[in-house]
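Please look over the sequence and the fold shown here before reading on. A short report accompanies them.

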Amino acid sequence: IIKQVKTLIKKGCAYKIGGDGWYFDLKKFPEYGKLAHRTIEQAEDATSRIDSSGKKRNKGDFCLWKFSKPGEPSWKTDLGDGRPGWHIEDTAITESFFGPQYEMHGGGVDLRFPHHEAEIAQQESASGKKPFVKLWMHVEFLSVNGEKMSKSLHNYITLTDFLSEHSANAFRWIVLMHHYRERMNFTDKTIEAAEKNLEDISIFLGKLAIVAKRSSNKKSVGINIAKFGSDLNAALEDDFNTPKALAAIFNLMNDISPRIWSFSRPEANKAYKLLSDSISMFGIDLKLPKIPAKISKLALEREKLRGSKQFIKSDTLRKEINGLGYTVEDTELGPFVWPKNHS
């Protein structure tokens, strides 16, 4: 931090206000506002408390190093006893770890101006290199039942609270369901939709696993892998459009679903890997449930009873399996068993 402030002073981009601190002179960086498309004159409406001073050269000038007053946090430095301004901490950290330029910078949409604008001004002025960051990704606010999440409204939910009742996969999926530049409305229905989506995908993967194990078909049915890959990549290249990417995944499932029991074993394995790899790319870890031996045995017994047309007895076994927390779906390749409360 000290090194960066000294560099800005040496380059004539910073000035000292006695008894106050060192400030960045916006007139020395004419491009200020290029990220948020605002002018230097518009900068005055977004100054923080630490940036306020009646002695500034320009109303939008921001503090680099604040001189300390009695009782305030302070470090002894060549700049004078004090503490860093809001913006200089971040560029000092990133320059230390990434250098004066790097690929991607994220944050909430509220940080675009003035915080990220100030970071650009500081770093590009100090290094003389442009651009400071190649790609900016600003995330919109989170709403709860249509209202902005905030402590003052007592409608905030912590991750700890969420994870005490739901899976990490569900949270990640909720995020992926929304474009990062669009406001995300968090409701019970949103959670239900995410959990249903994940369950549908898990069941689909479970069926593919069954086909890969039991199929006797030697003929290829065909999967349009090229189209799926093209659609998925196009969505992600379109400003990381995750809702569109998820749609590509469901389109693949819809394409396979009517023909799933006709797949050959190699084809089912290929489809399974394609789908699971696409899901895991987003940090979603779906594990297939292990069906207890007792449940599998009951399902096989029921299948034998169905084969001998003893439907009353087979229906009794179905109810028994159901009572133990599992469902049975009759397929062309035998029973497909699934837990009712899989997550």
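## Basis

This is a predicted model, in which local features need pLDDT of at least 70 and side-chain atom pairs count only at pLDDT 80 or more, while totals for chains, interfaces and linings use all residues. Residues are numbered from 1 along each chain as its sequence is written, and side-chain values use heavy atoms, with hydrogens and water left out.

## The chain

The protein chain holds 11 helices and 11 strands, taken as DSSP runs (H or I of at least four residues for helices, E of at least two for strands) and numbered from the N terminus. Its C-alpha trace spans about 95 × 45 × 35 Å along the principal axes. Of the 343 residues, 43% count as buried, meaning under 20% relative accessible area with a 1.4 Å probe and protein chains only.

## Helices α7 and α8

The axes of α7 (residues 225-237) and α8 (residues 242-256) come within 8 Å and cross at roughly 165°, which makes α7 roughly antiparallel to α8 (an angle over 145 degrees). Axes here are lines fitted to C-alpha atoms over the stretch in contact, with angles running from 0 to 180 degrees between N-to-C directions.

Phe228, Asp231, Leu232, Ala235 and Leu236 in α7 meet Lys244, Ala245, Ala248, Ile249 and Leu252 in α8, where contact means heavy atoms within 4.5 Å.

## Lys207

Lys207 lies in helix α6 (residues 188-214) and is buried, with a relative accessible area of 16%. Leaving aside neighbours within four places in sequence, Lys207 is in contact with Ile260, Trp261, Glu329 and Phe336.

Terms used: Buried means under 20% relative accessible area, exposed over 50%, partly exposed in between (1.4 Å probe, protein chains only). Angles under 35 degrees count as roughly parallel, over 145 as roughly antiparallel, 65 to 115 as roughly perpendicular and the rest as oblique.
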